[in-house]
Amino acid sequence: MAKGGAKIWYFPDGELPQPATKGTMEPHEALMVFNTNTEPAKLKLDIYFKDRDPIKGVKLEVPAERVINFRLDKPEQLGGVEIPRGVQYALRLKSSVPVVCMFGRLDTTQTNMAYYVNVGMAE
């Protein structure tokens, strides 16, 4: 039985920051998926770009009653898919069960660290 969330999510503002040259915090973006259901959430992630064809159908999974933060700079967490740094992209996530999602960015490439989260749009 679903306890909240939506089956389709959109995040229009992605651009992986370049690697940091100073400090210990690694700049990155993450897609956080919270599954409150008693069954696993089978996900398909589509990645859209400004100047190239999309990458569609990246399969991910979040176990029942768990949260996973998928690091978008880690191909091993995205089924081997590599999102290039410094390139504008957007995400569409489709789930087999309703989930709650957020998108976060940590940018440490400047003197003042920047972090923000975006809940995105769901249907």
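I begin with Gln77, which is partly exposed because its relative accessibility is 29%. On this scale, buried means under 20% relative accessible area, exposed means over 50%, and partly exposed is in between, with a 1.4 Å probe and protein chains only.

Before going on, a note on the source: this is a predicted model, where local features need pLDDT of at least 70 and side-chain atom pairs count only at pLDDT 80 or more, while totals for chains, interfaces and linings use all residues. Residues are numbered from 1 along each chain as its sequence is written, and side-chain values use heavy atoms, with hydrogens and water left out.

Back to Gln77. Where does Gln77 sit? Its place is in the loop between S5 and S6. Strands here are DSSP runs of E, at least two residues long, numbered from the N terminus. Leaving out residues up to four places away in sequence, Gln77 touches Leu60, Asn69, Phe70 and Arg71; touching, or contact, means heavy atoms within 4.5 Å. Gln77 and Leu60 are 17 residues apart along the chain, and their C-alpha atoms are separated by 8.3 Å.

Which backbone atom does the side chain of Gln77 reach? The backbone nitrogen of Arg71, at 2.7 Å. That is a polar contact: a pair of N or O atoms within 3.5 Å, where within protein one must be able to donate a hydrogen and the other to accept it, and residues adjacent in sequence count only if both atoms are side-chain atoms.

Arg71 itself lies in strand S5, residues 66-71. Its side chain has a polar contact of 2.9 Å with the side chain of Asp73. Not counting residues up to four places away in sequence, the residues that Arg71 touches include Glu26, His28 and Glu29.

Next, the rings. A pair of aromatic rings is described by the distance of the centres and the angle of the planes. Rings of Phe, Tyr and Trp (its six-membered ring) pair if their centres lie within 6.5 Å; planes under 30 degrees apart are stacked, over 60 edge-to-face, and the rest tilted. How many aromatic pairs does this rule give? The count is 2. Trp9 and Phe11 are stacked, 6.3 Å centre to centre with 10 degrees between the planes. Phe11 and Phe103 are stacked too, at 6.1 Å and 25 degrees. That pair links distant parts of the chain, with Phe11 in strand S1 (residues 6-14) and Phe103 in strand S6 (residues 89-107), 92 residues apart. Phe11 counts as buried because its relative accessible area is 3%, and Phe103 is buried because its value is 1%.

Now the strand pairing. S3 (residues 41-49) and S4 (residues 55-62) pair in the antiparallel sense over 6 bridges; two strands pair if DSSP finds at least two bridges between them. A hairpin of 5 residues joins S3 to S4, and Ala41 has Val62 in S4 as its bridge partner.

Last, the core. A nonpolar core is a set of buried Ala, Val, Leu, Ile, Met, Phe, Trp, Tyr and Cys residues joined through side-chain atoms within 4.5 Å. The largest one has 27 residues, and among those touching the most other members are Val33, Leu45 and Ile47. S6 gives the largest share of this core, 7 residues. Setting aside neighbours within four places in sequence, Leu45 has contacts that include Leu31, Ile55 and Leu91.

That is the end of my part.

Terms used:
Helices (H or I, at least four residues) and strands (E, at least two) are DSSP runs, numbered from the N terminus.
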